[in-house]
Every structure is written in C-alpha cells, then in structure tokens.
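Hello,

Here is the structure I promised to hand over. Please have a look at it first, and then read on for what was found in it.

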Amino acid sequence: MNAVDIVEGEGRATARVVLIAAAAALGGFLFGFDTAVINGAVDAVRGSFGLGAGRIGFAVSCALLGSALGAWYAGPLADRWGRVRTMQVAAAFLALSALGSGLVAGVWDLVLWRLVGGVGVGMASVIAPTYIAEVSPAQVRGRLGSLQQLAIVLGIFAALLSDAWLASSAGGASQPLWLGLAAWRWMFLVAVLPALIYGSLVLGVPESPRHLVAKGRMDEAKVVLRQVLDLRDEGALDRKLADIAQSLRSEYRQGLRDLRDLRGPVAGLLPVVWVGILLSVFQQFVGINVIFYYSSTLWHSVGFSESDAFTISVVTSVVNVLVTLVAIALVDRVGRKPLLLVGSAGMAVTLGLMAWCFSQASGSGAALSLPAPWGMVALVAANAYVVFFGLSWGPMVWVLLGEMFPNRIRAVALAVAAAAQWVANFVITSTFPALSEAGLSLAYGLYALFALISLVFVAKAVRETKGMELEEMQS
C-alpha cells in the first residue's frame, strides 16, 4: 500500500466515522432540547395548574433527578445490552416523555413524565460520548468527542427557537394552537420528532468494537473495525483485536472503595475526586441553567413582552453556540485552567452587575419592572455572562472530568462527579423560583459569590492537564 492509498483510506474512514459520531451525538442534541424546552412553558404551566414557586420549581427541575439516575445506570446497561441498544432505549424514554408531558392533566403527571425524560437524558449524556470515543480513530477522537458538547448547545437553541415560534403562532404560550391544545403542550410534543430521528439513526450505526470483543463476537468486531478504520490488512485487524482483548483482560471492575484516601481525613476521598466533585458543583452553582430554564420568565417578569422575552432567549442560545465553537478552538492552545480563571472572573463581574441591576427594580411579582437604562444593562450583562461561561466552565469541566482522573479510578470517579453535577443542577433549578420571589438581586448576588469562590478554587486546587498523557494523571 503506497502513501496515496493510506491517505485516501484515512479520508474514507474519517468521513465514515464522522457520520457515525454525528448520529450518536444526536443524543447530546436531545439532552439540550429536553432540558431547555421547559423554558417557554414555565409561565403557562404555572398558570394552567395554579402552581406556587415551590411546585413550579420542582416541576422544572425534577427531570434532573431522573438524569442522575439514568447517568448512574447507563454504564452497566451499556455493558449488558450494548451501546447502540442503550442509545435506542434512551431515545424511547425521551419520545415517551415528550408525548406524556404534552398531554398531562395535572402537575404530578408532568413531574412523572419529566422524570422519565430525565432518565433518557442521563443515559444519552453518558453513552453517546462513550460510544464516540470507542469508534473514533485516535487522530480525530478529540474533535469528534467535542461534537457532544456542540450538539447539547444546538439542542438548547432548537428548543428555545421552537418555543418562540409556537408561542408566536398561537399568540401566547397558554393560547390554543393545533387540535385545540395549548402552545405550551406543543412545546413538549415537538420533542417526539428528534427523539424518533435519533432512535432511527442509531439503528444504522455499528455496535462498538470494544463491546463486541467483550462479548466474544470477534468476527463482528473485525467488520466494524474494518469500516471505521478502513483497515484492509488482516494482520493489522487481528493485532487491533488482540490489543482490545488484552486491554479488557487487564481491567477490573471499579467500585466506590477505590476512591477512598486511606491516608487522608475522615472524609476519606482522594483529593482529585474532591476536585472533580467541586468542579461539577461550581459549574451549576454559578446559576447557568437558570438562564436556560427560566430566561423567558425572567425577562417577561421585568417588563419585556412575552414575544420579546422569547426572542431574547433565542439570541442568548445563539451566543452560547458561537462561544462553544470558540472554546473548542482554544482548549488545546490556551489550556484548561487559564480559561476557567478567565471565566470565573468574568462571571463574578457580570453576575454582580445583574444583581445590581435587579436591585433597581420597582414593583413586585407580575408588576416588577426595570427602569431605563437598567433593563438593557441587565440584558447585556446576562449575555456577557453566557459568553464567559460558554468559553470556560461549560466545555472545560467536561474536558477535565474526562482526563484528570488516574486510569484505575476514571470510570467510577467520573460517575460520582457527574451525579454530583446533576444533583447541584437540581438544587439551583428548584430553588430559583423561591429565591426570585425573595428578590432577583439576592439570587444573582448568590451566584456571583459562587463564581468568586470558584475563582479561588481553580487557582488553588485545579491542575493544568494540557499536553499531559492520561497515564500521567495522579491521585
């Protein structure tokens, strides 16, 4: 085989695996879509069922508890059923949740179906990046892995855009649209379509060769490797299969006991595990998902029309997509820690500015308004905050969690950190309605404080991992 043949073979393999990875990354799209679609429906759901701050907060955030459950069990299910079958199950959960949420008769029905969707989101959030890593050639694994984060922010954008269009078509989120159903119900129902597309597309992707080898299906694994790597040399294929088999034999099932620091204090976890947990917690405690779950309600509550509030939310999601692309370009050039430091400082300033703006508000409840020029200042500050988060804590935390742990504890430590992230997300999302009733300046002031604490934490505790081999990571 000459050099031209090798280049052409790599090109065919890369194009093929990009399509496979893109199909799998639709799980990230559904992750973003399902978690953000509630944004446009919050006020209408609250009015339809007469909910107070506590109950609407729980209805919005309950999906995150399901996500924690789905993420925790996704790994064992994928090992038993395979990556592709697990992605199909996640798609089924998401489709059922969309259908059920759109046809609910009461708030507890909505909670149930949001929990079901959360399980699907949690499964997709773990399995899609795992599958992409296992089918990708080493030279493009990093870029293909970033498709997951890009798909998440695109899903958020699509959800907010569809919310805005449906509300505009009906003349308001609580107004009837097609078949006599209110627009907010269609906001949930449209999610059935991407879930069905995802489930259909993953039917056509090959099973992970790593899973096939683990199950002793060597002939099938060889076929998949030949497809994704474009290897024609039987000897090279056999050596690759032998390497995978050897890797699987050398692994052992990890458990929570492997995270203990036997030389440490009573708390007992290895320092690197605490760093991972706190990275996850701070990513949520700076309040980012308040923007993506409640932004339409927020801007509507301070004097913007419902239509303008939806438009602002869509623009914010576009900003999030663009800065995510910038972050992907910078991560291997600038490094993880510098971007986190810049992000923490920027978020502390912009959140503090938002808190100051809302302290100038007059009125309360539905009559709350921001006098000029504070409404526009708050709007600019909110989008600047999203820029700083999207450049740093959004993608960087996932990058660090994937690479900072030693090989022997990586899987279980990542599961613990991810579970901490979902729980922290639940805490922030469920408490925002009550906090906002006490005062939006209090809510954003609290998030600004957490951003400031995160700056100190990164400076003192987070180690730069740019350019390091995974084998160099220490406990």
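Let me start with two helices: α12 (residues 271–285) and α19 (residues 440–461) pack at about 155 degrees, their axes 9 Å apart. Axes here are lines fitted to C-alpha atoms over the stretch in contact, with angles running from 0 to 180 degrees between N-to-C directions. The pair therefore counts as roughly antiparallel (an angle over 145 degrees). Helices are DSSP runs of H or I with at least four residues, numbered from the N terminus.

A word on the source: this is a predicted model, where local features need pLDDT of at least 70 and side-chain atom pairs count only at pLDDT 80 or more, while totals for chains, interfaces and linings use all residues. Residues are numbered from 1 along each chain as its sequence is written, and side-chain values use heavy atoms, leaving out hydrogens and water.

The structure holds 1 salt bridge (a side-chain nitrogen of Lys or Arg within 4 Å of a carboxyl oxygen of Asp or Glu). Glu-220 forms it with Arg-217, and the closest N and O atoms are 2.9 Å apart. Glu-220 is partly exposed at 40% relative accessible area, and Arg-217 is partly exposed at 35%.

Asn-39 sits in the loop between α1 (3–36) and α2 (42–49). With a relative accessible area of 1%, Asn-39 is buried (buried is under 20%, exposed over 50%, partly exposed in between, with a 1.4 Å probe and protein chains only). Trp-184 is 145 residues from Asn-39 in sequence, yet their C-alpha atoms are 9.9 Å apart in space.

Best wishes

Conventions: Parallel < 35°, antiparallel > 145°, perpendicular 65-115°, else oblique.
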